[in-house]
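Biologist: I want to learn how to read strands and interfaces in a model like this one. Where shall we start?

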Amino acid sequence: MKKIKSILIANRGEIAIRISETAKKMGVKTYGIKTSKEPGAYYLKFMDEIIDFTETISEIPEFLDIDRIIFAVKEYDIEAVHPGYGYLAENPYFAQKCIDEKIIFIGPTPDAIYKLGNKTIAKQLASAHNVPLLEGSSGNIKNVKHAKQLAHKIGYPIILKAASGGGGRGMRIVEKEEEIDKMFRLAQNEAEKSFSDPSVFMEKYVRNPRHIEFQILADHHGNIIHLGERECSIQRKHQKLIEESPSIALNDELRAKMGESAINIVKASKYRNAGTVEFLLDEAGDFYFMEMNTRIQVEHPVTEIVTGLDLIEWQIRIAQDEKLGIKQKDVKLNGWAIECRINAEDVQTGFTPFLGTIEQIQIARTKNVRFDTGVAEGSNVTASFDSMLAKLICYGDTREKAIQNSLNALSKLYIKGIKTTIPFCKAVLNNPKFKSGDISTSFIVKEMKQSFHQEEDEELIAAFWAALNHNIQLDIEDEKYVDYERGKSMTPWLMNKRLKSL
Amino acid sequence: MDINGKIYKDFLNRNERFKVQNGPDKIKKQHDKGKLHARERIALLFDKDSFEELDAFVTSATPDTGFGKIDEAFGDGVVIGHGRINGRIVYVYSQDFTVMGGSLGAVHAKKILKVQELALRVGAPIIGLIDSGGARIQEGVASLAGYTSIFHNNIRSSGIIPQISVILGPAAGGAVYSPALTDFVFMTKKTSYMFLTGPDVVKEVLNEEVTFDELGGAETHARKSGVANFIYEDEENTLLGVKKLLSFFPSNNLENPPYVEPDTKRNDETDKLRLIVPDDPNKPYDVKKVIELITDQDSFYESSELFAPNIVTGFARLNGKAIGVIANQPKVLAGVIDIGSSNKAARFVRFCDAFNIPILVLEDVPGFLPGLDQEHNGIIKHGAKLLFAFSEATVPKVTVILRKAYGGAFCVMNSKNIGGDYNFAWPTAEIAVMGPEGAVSILHRKELKNTDDPKKMKKEFAARYRNEVANPYIADEKGYIDEVIDPAESRNKLITAFETLENKHVDQPSRKHGNIPL
Amino acid sequence: MMFSKSKKSKQKFIACTQKSKKYEFTNPKELYIKQGKENIPIEIISDKQGLVFIIWKKKKYLVDIIEKNQNQYEILVNGVSYPISVESPFSYKRRKYLAKNKEISKVERIQAPMPGKIVEFLVEENQEIKVGEPLLILEAMKMQNEIVSNIQGKINKINFHADDTVMKDDILIEVEK
């Protein structure tokens, strides 16, 4: 087993920083990519060496340019690539190219990425390996007639989903037969536009499910373990906003059952390295496999905190062919962790992205608080990249304590210059239903009267601040001394010339 | 005089009747319409206790036309006089809507002519606070003649004393010409409007339904016609704006503009200037940020902000001394020059030239806006107008090329050969006959035709062109640019440049006036 | 925070929110807010990093002016946005007057957002239309753009035909509300 000595981090922002921190800890040299869109980005400060991609040589965005990245890895003689999340992380061609060029790809095999990346194949794998699935189409829907037949068999409500992508696009819920014609066409169009593949499949639609996902690790020696669950039910338009580990909905028995299903998928797809198996958990306690994410995820910190493991470290160790030294029985979930995603969005106008420059960030770093961020003072938030600024992860012995610590940390998290989702996170954490754990993926829509939290006298303070500043400004203007005499005096040269020419 | 005798008592009684006429009920009438009374406006504008009214007791002419009873009100609907604003003498006329609807009759007009005449005689600025129902129909041609004389005075004073019009109520029909002739126009949103023909006539003749605001309100004139240079939400702020504007003007065309001590507590953030212009020439940025960092803290006062936003015009101070700033705005239409912006900038330049206000040009212009619309509407003439205005101006003129300066637009924006005194460039400057993409399409036409990947080749050629031909150092070496400067040094360089140009004067052979394309 | 005391006595400011709720302050530079009959003092802290906090009634609030245009402010308090306009007693009365007497334009003119060629009109005169209803297809810059209605009403006049070339801001359709 040869230790990896150098890694190219083919990503940016907070995950690039995250990966570099563990790499540094392990004595691995880090290479980062500089792009023309943010040549002064914060993450570059954490790299041992920077590779310059600022020259525009092609239309392909830098972090998606497979050839350019491979070329750079070879030019700089780098041993491994960590793709982070998004970008090329779940691109089987990229993974394959790395292998072809004898570069270590820190992640699963191309085959596993491909199979699990296609929802239809993934479901087939699940169904063949004893993993519970939502009743649905086996494969893509051929046409509207097929859709109608199937929906009738499964029973409404059903949901149509894009086979080649997620994030809510190409997704349509159909409540009754009259709508299926229109919804099918709409779903196909959207899927075509977003993923260049109009294929959609169908599933039974579960109302108010919980989104429960299991973190797994698998080495190249046949050892597979799961690291417990994360509950990610607080979502808006299928984008996760608040995640926690463990989940209040799971007892040991359910955890064991779901964990076993997760491991089955891993086995069936011959998956290696870190990954996440997503399930829906309905109100009756039944769970259904949704999909598997073949990469490290944004919300991995909550698992790290309750298990005490460094997942990035294990990714690198597995990639360099080490054996997982931990057995399933050794995996313990201690206490509770909650992660709040801090995005540059204006909550009050429907979470529209807010662009601007971060003038200041201040956080009270106490022992129960972890703050993973990709931005610092002076960072620009632009339309070129997604709006996530940072993740605030707080720990507590119990869920109540974790919530309390999160609220404390949020009240001391100050970001000046842009609008963020901090008031939203406060609203969720103060919500009684959230506090009692009574949550589901429809939480934001159903249980929140207002999407942001307001303290009692905030408006009064805002009014005062405006009035005070206005007062100050008016007084400054009023007291400004305008010296007219200076304008009346001029040199004889000028006076003479001016008078003569008139 | 016996202070208890009849003579003095009569004097006091007359003053009493005057106070009664202008009592609280009149003020309430205006307030109920969301407007201030004519005298309240004067009180806000002028320094405390400095206003002296003239002709307060004149009464209207009394032609017996039988049209209707004419109010024997004092003042005939307008308040005139002089006072001090920030310590300097200014003349004013403020139309009083509560007296005969502020309508203009012979005596009303004569009063306005009086202050215009006085202002011209002593060389002091004049402000018109307009709030009038228009010509007083009962007085017939006398009203029209009154207006015409006012226009004539506007024109006689143009370029000699600063004239500002503040529209605080209706201004309709011929009355709108006076503001149009003055140097700057202020309007208050929603309670003021200007148009030649009102909505009722429009409805009658064209069967088009429009509201007063749509046709000639503040936003319309600020955005669409460009007639209004400054608009505010309410009257108090409008009048504060007038004061602010005046602080940049000399009292007449023989004086230099006044001085305001710069805020010495200013953080020196001039190195931020280096970060504003992106390396990628196709990326926009806000040139107002550049203006704010170069000029004195909080001194920039933008004129015609909403009209032709692809060019920015406004007043500012450099080390206390007033300057006029003209800057292309890359984040609107990529900063091209079009008909609207040519006109806006040309008038601004000529005002600065008339009143000895030095000019600073910040250039980042890729050219003129193409298209049938522009060409058919005479962009040639209008662009030439701006060229004429810059060339004709003999005040100190300094240009800083921030980024693009291509072709004809380079010539127009105060280049050296039309009289720029100092021309600087930032390292990001690109000075060329045309943009790199266009240039290489022509220069390398043959190679581009014969290659398999013309797009890639074009990009490479363009990058080379940018580096080798369009860089500012070539112009620098040939003397068309005086110096390529570090953006962080801009403020200091400009302060020094303008200081050395304080005594500038250019002798011109005498002529009645040039023939600027209009 | 350093500023000089006002030379003018008793300056009244009325801060208005979007929902027309008002807060009155007299001489805010004296740093207190009246509650009932009491004047409760306000403390302003500005730390080295430029963050500004207000402390009032023992609670700490992060304040930031995120936008200012003449007398319209957008203030962030603890990250929550509050649009406030600062009025004088007179301008406040004026606001109320204007709100009551809003001129409601009866006709909405749909203008061409850019020069181009009309491919086809999807509506006809006298047709009732809703918000978001597609009105016409305009081809410009090699793309077909669907122009939709932003109001509800009845089509009064259509000023062009299919295949006509239009300039920016040309009035294409007049809708009566």
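Biologist: In which sense do β5(B) and strand β7 (residues 184-188) of chain B pair, and over how many bridges?

Modeller: Keep in mind that this is a predicted model. β5(B) and β7(B) pair in the parallel sense, over four bridges.

Biologist: Which way does strand β4 (residues 126-130) of chain B run relative to β5(B), parallel or antiparallel?

Modeller: Parallel; five bridges join β4(B) to β5(B). Here Ile127(B) is set opposite Ile164(B) of β5(B). To link these two strands, the chain passes through helix α5 (residues 141-157) of chain B. That β-α-β crossover is right-handed.

Biologist: Why is strand β5 (residues 163-167) of chain B largely enclosed by the rest of the structure?

Modeller: Count buried residues along the strand. Five of the five in β5(B) are buried, so the rest of the structure largely encloses this strand. Then check each face. Gln163(B), Ser165(B) and Ile167(B) are buried on one side, and Ile164(B) and Val166(B) are buried on the other.

Biologist: Now the interface. How many residues of chain C are in contact with chain A?

Modeller: In general, interface size is often given as the accessible area lost when the parts come together. Here we count contacts instead: 35 residues of chain C touch 30 residues of chain A. Several strands of chain C each supply at least two residues to that side, among them β1 (12-17), β6 (59-69) and β8 (80-87).

Biologist: What is its make-up by class?

Modeller: The side of chain C that touches chain A has 23 nonpolar, nine polar and three charged residues.

Notes. Residues numbered from 1 in each chain as written. Chains lettered and ligands numbered in written order. Predicted model: local features only at pLDDT ≥ 70, side-chain atom pairs only at ≥ 80, totals over all residues. Contact = placed C-beta atoms within 7 Å. Nonpolar A, V, L, I, M, F, W, Y, C, P; charged D, E, K, R; others polar. Buried ≥ 20, exposed ≤ 12 C-beta atoms within 10 Å, placed from the backbone. Pairing = 2+ DSSP bridges. Right-handed = clockwise from strand over helix to strand, strands pointing away.
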